[in-house]
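Please read this briefing alongside the sequence and the model shown below. The topics are taken in turn, with the notes grouped under each.

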Amino acid sequence: KTLCPVRSMDFNPAKKCLLASGASASEIHIVDINNPSVLMTPGPKAQPEDDVVALAWNKQVEHILASAHPNSARSVVWDLRKNEAIIQVTDASNRVRCSCIAWHPDVATQLLTCSDEDRCPVIQMWDLRFATAPTMVFEGHGRGIQTLAWCECDSGMLLTSSRDDHVICWNPNNTAVPGGEKLVEFNAPSQWTFDMGWCARNPYLVASSAFSGKLSVFSLFGGQEDIPDETPRARLSSDPFAPGPPPPVPA
């Protein structure tokens with residue numbers, strides 16, 4: 001139970017029973033879903049108090065959690081073993097409102113932050129061993145970035161979507177190209193996409209949700225399918241991409 005509206009959630013990839021939730025007023029709770037009556041916190045609240053709009057567990061170190069606080073333009077890294085914040089990442093220009101964060105799938109010390117500020121819609125790569133400035137800045141969106149998705153099967157593919165209704169697939173591992181290497185860029189399947197996720201079985205398929213109410217599945221090779229809000233139960237199967245049975249023939 002939280003006293004403020006919940007703004008973000010993330011399951012621990014190593015201990016899948018642990019769920020972190022972020023809310024207003026810098027409130028972060030961690031709960032074991034096998035024992036939901038006990039709430040834990042990663043440490044004292046980050047000050048000044050701010051919304052927690054994104055949370056991300058480290059992919060390599062199970063007791064490290066990152067949180068994004070847009071109004072104070074910072075991201076906080078928590079160590080659950082020490083029960084305290086160990087690093088605060090802040091843009092020196094104070095123009096980057098962090099809207100979403102993600103850890104590198106393979107490198108424990110690398111963290112990505114995205115800005116939803118229309119005047120500075122950038123993605124910043126941070127190496128937490130030298131957290132005074134980003135090691136790489138990706139530029140290409142025309143308005144604030146709303147979501148990102150880093151492919152866990154191939155860390156060389158990162159998707160971002162912004163209020164300019166464009167989706168860009170980057171190669172975040174190539175830091176030699178100024179502004180970042182774009183693998184592909186295309187119009188978003190629906191207006192103002194706020195969430196995206198890679199298919200775990202086929203890394204070229206991506207699902208996206210938009211404020212228009214549409215859930216779309218699209219391929220990086222082209223093509224998309226809009227999923228209706230209500231899917232008949234008869235069409236569901238153990239394979240999420242298997243064709244459904246034909247509709248019944250009227251008597």
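This is a predicted model: local features need pLDDT of at least 70, side-chain atom pairs count only at pLDDT 80 or more; totals for chains, interfaces and linings use all residues.

**Briefing on selected sites**

Glu49 sits in the loop that runs between strand S4 (39–40) and strand S5 (54–57).

**Glu49**
- Although Glu49 and Glu27 are 22 residues apart along the chain, their C-alpha atoms are separated by 8.4 Å.

**Cavity**
- The count of cavities of 30 Å³ or more comes to one, and the largest cavity holds about 60 Å³ of space.
- The lining of the largest cavity is made up of Ala73, Arg74, Ser75, Val89, Thr90, Asp91, Val96, Cys98, Thr113, Gln124 and Trp126.
- Two or more residues of that lining are given by each of strand S7 (74–79), strand S8 (84–90) and strand S11 (122–127).
- Sorted by class, the lining of the largest cavity comprises five nonpolar, four polar and two charged residues.

**Surface patch**
- On the surface, Trp192, Phe194 and Phe211 form a nonpolar patch, and together these residues have about 310 Å² of accessible area.
- Phe211, one of the residues of this patch, is placed in the loop between strand S18 (205–210) and strand S19 (215–219).
- Phe211 counts as exposed because its relative accessibility is 56%, where the class requires over 50%.

Technical notes: Residues are numbered from 1 along each chain as its sequence is written. Side-chain values use heavy atoms; hydrogens and water are left out. On a 1 Å grid over the protein atoms alone, a cavity is a set of points where a 1.4 Å probe fits but cannot get out, and a pocket is an open set with protein on both sides within 12 Å along at least five of seven lines; lining residues have an atom within 4 Å of a point. Grid points are joined across faces, edges and corners, and a volume is the space filled by probe spheres set on the points. Helices (H or I, at least four residues) and strands (E, at least two) are DSSP runs, numbered from the N terminus. Ala, Val, Leu, Ile, Met, Phe, Trp, Tyr, Cys and Pro count as nonpolar, Asp, Glu, Lys and Arg as charged, and the others, Gly among them, as polar. Patches are made of residues with over 30% relative accessible area and no salt bridge: like charges are joined within 9 Å, nonpolar side chains (Val, Leu, Ile, Met, Phe, Trp, Tyr) within 5 Å. Accessible areas come from the Shrake-Rupley method with a 1.4 Å probe; for residues, only the protein chains shown count as cover. A salt bridge is a side-chain nitrogen of Lys or Arg within 4 Å of a carboxyl oxygen of Asp or Glu. Buried means under 20% relative accessible area, exposed over 50%, partly exposed in between (1.4 Å probe, protein chains only).
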